[in-house]
Amino acid sequence: MSGQAESGPVDVVIAGGGLIGAGIAWRAIHRGLTVRVVDPDPGSGASYAAGGMLAPVSEASYGEDRLLRLGQESLRRYPAFVAELEAATGHDVGLRTTGTLMVGFDADDMRALDDLHRYHRELGLPAQRLTPGEARRLEPGLTPRLRGAVHAASDYSVDGRALHAALLAALPEQTLVRERVTAVAVQNGRAVGVTLADGSMLHGRTVVVALGAASADLPGAPALPVRPVGGQILRARSLDGEPLAERTVRALVRGRHVYLVPIGANGMIIGATSEEKGWHSRVTVGGVFELLRDATEVLPALAEAELTETLVRFRPGTPDNAPILGPTPLPGLVAATGHHRNGVLLTPVTADAIAELLVTGELPAVAAEFTIARFTAQESSAARFTAQESSAARFTAPEEQDSAAGAGRPASQMPAV
Ligand SMILES: Cc1cc2nc3c(=O)[nH]c(=O)nc-3n(C[C@H](O)[C@H](O)[C@H](O)COP(=O)(O)OP(=O)(O)OC[C@H]3O[C@@H](n4cnc5c(N)ncnc54)[C@H](O)[C@@H]3O)c2cc1C
């Protein structure tokens with residue numbers, strides 16, 4: 001038995017300490033809960049690679065209106081979230097509010113950008129069509145070969161690694177348990193903690209799965225429809241210490257996507273591939289070549305910059321590209337995963353919503369559309385997740401579960417996912 005187990009259960013055990021797990025921990029502790037975050041190498045997953053774009057408008061896609069609204073709500077919360085975190089820790093997380101330019105190179109690129117802009121207008125999103133000259137006045141390093149641009153002034157970016165470091169710094173020392181979770185511990189049909197790679201057990205009244213792309217495979221937990229989506233991404237910096245650009249540029253270069261996100265005084269993140277190869281993606285010559293070829297076409301001065309990093313990580317993808325938030329069919333187990341390409345953007349709203357659920361038993365309305373229930377057709381699961389009059393999804397509080405659905409009920413009778 002570890003010391004953790006002997007000291008009795010904490011309120012919440014969070015499996016996974018990426019941006020999502022660390023963000024939830026910070027907000028839950030703030031709400032007065034005792035929390036442990038279990039992760040052998042926190043922040044080494046997708047959160048380490050992320051471009052840091054906070055870009056609901058430039059990421060908007062037809063058919064993803066719910067995700068867009070969630071992203072906008074999270075972005076709305078970002079300035080206060082960052083201000084509070086920076087004040088609490090003294091860390092600077094590099095929130096940049098300079099907006100995003102979307103640019104295109106040929107007629108097909110511009111048709112795609114105009115389609116997107118039409119969608120922006122239909123939804124009343126703040127975005128403005130620019131001529132190449134206007135785009136270059138905003139960002140003088142852009143190539144003159146552009147055909148046109150759309151400016152999303154309200155899309156921001158943040159330094160994802162700095163944000164994660166600040167979140168860890170904000171947690172009390174005993175919060176972090178540097179171990180691998182091997183399973184969810186289940187007793188009498190409910191999650192009661194996690195087992196660790198060293199064989200010990202950590203008891204928690206509620207367990208949160210925040211393992212990013214690894215969330216699908218946790219023994220003891222119901223299957224979650226999360227898959228790893230590989231992404232190669234690069235970092236560079238100017239040799240003269242001058243900024244390479246002021247704002248994020250997302251480009252369609254004759255049908256190929258590339259983005260450039262300024263970071264720090266003179267850094268640039270260049271991303272990203274999107275690969276459906278399971279866990280097999282690697283940094284490849286072809287991947288790096290294509291990103292650099294397109295990025296230097298967009299911003300020619302980048303060719304003179306130092307290439308400082310190439311890496312691959314795995315986005316936690318879901319069937320509808322939206323996260324899985326809230327109660328699961330296993331009482332006592334909460335999901336906070338599947339943030340796919342938007343996990344940095346969605347950190348504040350996820351952290352607030354899951355903390356609220358942990359404290360009150362109510363998943364706030366903003367997250368109620370994102371429970372696992374949307375992937376299940378079964379009536380029985382609908383009963384557990386139906387939105388209440390308040391339109392907030394409710395999950396049975398631990399105490400109630402003991403006397404109601406949870407206690408003595410074998411896991412096999414839980415609604416299947
Ligand atoms: C190339 C790339 C670019 C991206 N760009 C952006 C962007 O610009 N904007 C944006 O909003 N999002 C972006 N994303 C998506 C974003 O990075 C993710 O959605 C987000 O980081 C998910 O956070 P997470 O905490 O759920 O997962 P992760 O950051 O992957 O964290 C999961 C954690 O679980 C831990 N873990 C795994 N297995 C175990 C285990 N068995 N026991 C204990 N711990 C375990 C890992 O060590 C890790 O720390 C990008 C992703 C990639 C890959």
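**Packing and strand pairing in a predicted chain**

Student: Where in the chain is the place of Leu345?

Tutor: Leu345 has its place in a loop. The model is predicted: local features need pLDDT of at least 70, side-chain atom pairs count only at pLDDT 80 or more, and totals for chains, interfaces and linings use all residues. Residues are numbered from 1 along each chain as its sequence is written. With helices (H or I, at least four residues) and strands (E, at least two) taken as DSSP runs numbered from the N terminus, the loop holding Leu345 lies between strand E18 (333–337) and H9.

Student: Does Leu345 count as buried or exposed?

Tutor: Leu345 has 28 C-beta neighbours inside 10 Å. A residue is buried if 20 or more other C-beta atoms, placed from the backbone, lie within 10 Å of its own, exposed if 12 or fewer, and partly exposed in between. Leu345 therefore counts as buried.

Student: What distance separates the C-alpha atoms of Leu345 and Met53?

Tutor: Along the chain, Leu345 and Met53 are 292 residues apart. Leaving aside its neighbours within four places in sequence, Leu345 is in contact (C-beta atoms, placed from the backbone, within 7 Å) with Leu54, Ala55, Pro56, Gly71, Ser74 and Leu75. The C-alpha atoms of Leu345 and Met53 are separated by 6.9 Å.

Student: How are H2 and H9 oriented to each other?

Tutor: Helix H2 (residues 19–30) and helix H9 (residues 347–360) have axes 8 Å apart and pack at an angle of about 50°. Axes are lines fitted to C-alpha atoms, for helices over the stretch in contact, and angles run from 0 to 180 degrees between N-to-C directions. Angles under 35 degrees count as roughly parallel, over 145 as roughly antiparallel, 65 to 115 as roughly perpendicular and the rest as oblique. H2 and H9 are therefore oblique.

Student: How many nonpolar, polar and charged residues does the contact of H2 with H9 have?

Tutor: From H2 come Leu19, Ile20, Gly23, Ile24, Trp26, Arg27 and Ala28, and from H9 come Thr347, Thr350, Ala351, Asp352, Ile354, Ala355 and Leu358. Ala, Val, Leu, Ile, Met, Phe, Trp, Tyr, Cys and Pro count as nonpolar, Asp, Glu, Lys and Arg as charged, and the others, Gly among them, as polar. By class, the contact has 9 nonpolar, 3 polar and 2 charged residues.

Student: In which hand does H2 pass H7?

Tutor: The axes of H2 and helix H7 (residues 160–170) cross at roughly 35° and come within 9 Å. Leu19, Ala22, Gly23 and Trp26 in H2 meet Gly160, Leu163, His164, Leu167, Leu168 and Ala170 in H7. A crossing is left-handed if the near helix is turned anticlockwise from the far one by less than a right angle, and right-handed if clockwise. The crossing of H2 and H9 is right-handed, whereas that of H2 and H7 is left-handed.

Student: Which strands stand at the edges of the open sheet?

Tutor: The sheet has 8 strands in the order E5-E6-E4-E13-E14-E15-E12-E16, with mixed pairing. Two edge strands have a single partner strand each, so one side of each is left without a neighbour in the sheet. These are strand E5 (128–130) and strand E16 (306–317).

Student: Which residue stands opposite Leu130?

Tutor: E5 runs antiparallel to strand E6 (residues 148–152), to which 3 bridges join it; two strands pair if DSSP finds at least two bridges between them. In E6, the residue opposite Leu130 is Ala149.

Student: Which residue in the turn of the E9 and E10 hairpin has a positive phi?

Tutor: Strand E9 (residues 181–187) pairs with E10 in the antiparallel sense over 6 bridges. In strand E10 (residues 190–196), 6 of the 7 residues are buried, so it is largely enclosed by the rest of the structure. The hairpin of E9 and E10 has 2 residues between its strands, and the positive phi, of about 50°, belongs to Asn188.

Student: Which residue in E2 stands opposite Val13?

Tutor: In strand E1 (residues 10–15), 5 of the 6 residues are buried. E1 runs parallel to E11, with 5 bridges, and Val13 stands opposite Val207 there. E1 also pairs in the parallel sense with strand E2 (residues 35–38) over 4 bridges. The E2 residue opposite Val13 is Arg36.

Notes. Contact = placed C-beta atoms within 7 Å.
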